[in-house]
Amino acid sequence: QPELSQTPPEIKADLLEIIQQALMNDTQLSCRYYSAHKNQFHNFTLNPLGLVQRAHTTYLIATAEPFDDIRQFVVHRFEEARLLASICYKPDGFNLQDYVESGAMQFGTHEKIQLEAWVSEGLARLLQEAPISEDMMLTAQEEGSRLTATVNDSWELKWWILSHAGSIQVGKPEQLRDEIVQRLKSALELQTPEI
């Protein structure tokens with residue numbers, strides 16, 4: 001699906017080199033990181049596990065001491081980074097390729113949901129060319145098709161639905177349908193000029 005052309009964020013070359021060195025040496029990193037969500041800086045000791053490029057953004061996959069959960073850190077948000085002599089702790093059985101293929105880079109719960117929706121004829125044709133899941137089914141209906149598919153409950157799914165807002169009507173899960181309706185209402189309120 002087409003993406004809006006955005007200028008890639010600038011990554012400090014010296015910091016990227018330090019991160020890459022830590023990955024090669026299997027050592028920990030001491031970092032100062034900007035959390036855009038909280039609009040503040042945090043100091044972390046990280047166990048780097050791999051680098052992943054996604055569109056214009058590079059992510060460091062790592063765990064942050066003393067926690068074991070695998071997190072994604074946006075590389076251009078690192079303010080400082082230095083190598084530590086301490087050995088990197090890796091979760092048992094962690095494999096970067098498996099991690100990416102599991103859908104973990106799709107922001108959301110990573111839980112599988114059963115999507116049921118009505119789609120327009122035009123969107124149905126696009127889906128026949130590029131299915132959204134291996135078990136996706138399209139059943140012809142009046143002026144469109146019934147779509148069923150097992151998909152990740154992710155931000156990408158919601159963005160995809162919203163990008164086709166005039167061509168898809170979500171039936172199930174009800175929680176997803178309600179969230180889409182609420183987002184569309186909020187968007188409409190933002191676009192409606194005050195009288």
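This note goes through the structure point by point, from the overall layout to single residues.

1. The model is a predicted one, in which local features need pLDDT of at least 70 and side-chain atom pairs count only at pLDDT 80 or more, while totals for chains, interfaces and linings use all residues. Residues are numbered from 1 along each chain as its sequence is written, and side-chain values use heavy atoms, with hydrogens and water left out.

2. The protein chain holds five helices and nine strands, where helices (H or I, at least four residues) and strands (E, at least two) are DSSP runs numbered from the N terminus. Read from the N terminus on, the elements follow the order α-β-β-β-β-β-α-β-α-β-β-α-β-α. Of the 195 residues of the protein chain, 33% count as buried; buried means under 20% relative accessible area, exposed means over 50%, and partly exposed lies in between (1.4 Å probe, protein chains only). Among contacts in the protein chain with a separation of 6 or more, 58% come from residues 24 or more positions apart, and contact means heavy atoms within 4.5 Å.

3. Five strands make up an open sheet with the order S4-S3-S2-S1-S5 and antiparallel pairing; two strands pair if DSSP finds at least two bridges between them. Strand S4 (71-74) and strand S5 (78-87) stand at the edges, each with a single partner strand, so one side of each is left without a neighbour in the sheet. On average, and with direction ignored, neighbouring strands of this sheet are turned by 50° against each other. Angles run from 0 to 180 degrees between N-to-C directions, and the axes are lines fitted to C-alpha atoms, for helices over the stretch in contact.

4. Strand S1 (residues 27-35) runs antiparallel to S5 and is joined to S5 by six bridges, and Cys31 has Ala81 in S5 as its bridge partner. Helix H1 (residues 13-25) packs on the sheet, where H1 touches S1, strand S2 (40-54), strand S3 (57-64) and S5, and the direction of H1 makes about 20° with that of S5.

5. Asn25 belongs to helix H1 and is partly exposed, with a relative accessible area of 44%. Although Asn25 and Leu83 are 58 residues apart in sequence, their C-alpha atoms are 9.5 Å apart in space. Asp26 sits in the loop between H1 and S1, is partly exposed at 33% relative accessibility, and has a positive phi of about 55° although it is not a glycine.

6. How do helix H4 (residues 155-163) and helix H5 (residues 174-191) cross, and within what distance do their axes come? The axes come within 11 Å and cross at roughly 55°, which makes H4 oblique to H5. Angles under 35 degrees count as roughly parallel, over 145 as roughly antiparallel, 65 to 115 as roughly perpendicular and the rest as oblique. On the H4 side Trp155, Leu157, Lys158, Ile161 and Leu162 meet Leu176, Glu179, Ile180, Arg183 and Leu184 in H5. By class, this contact of H4 with H5 has seven nonpolar, no polar and three charged residues; Ala, Val, Leu, Ile, Met, Phe, Trp, Tyr, Cys and Pro count as nonpolar, Asp, Glu, Lys and Arg as charged, and the others, Gly among them, as polar.

7. Strand S7 (residues 137-141) and S8 pair in the antiparallel sense over five bridges, with Gln141 opposite Gly144 in S8. Strand S8 (residues 144-154) is mostly covered, since nine of its eleven residues are buried. Glu143, in the loop between S7 and S8, is exposed, with a relative accessible area of 59%, and its phi is positive, near 60°.

8. Ser145 in strand S8 is buried, with a relative accessible area of 9%. Leaving aside its neighbours within four places in sequence, Ser145 is in contact with residues including Ala117, Trp118 and Leu138. Glu121, in helix H3 (residues 121-129), is 24 residues from Ser145 in sequence and 6.6 Å away in space, C-alpha to C-alpha.

9. Two prolines deserve a separate look. The peptide bond from Glu65 to Pro66 is cis, with omega near 5°, and Pro66 lies in the loop between S3 and S4. A cis peptide bond also joins Lys172 and Pro173, with omega about -5°, and Pro173 lies in the loop between strand S9 (168-172) and H5. Most residues other than glycine have a negative phi, and most peptide bonds are trans.
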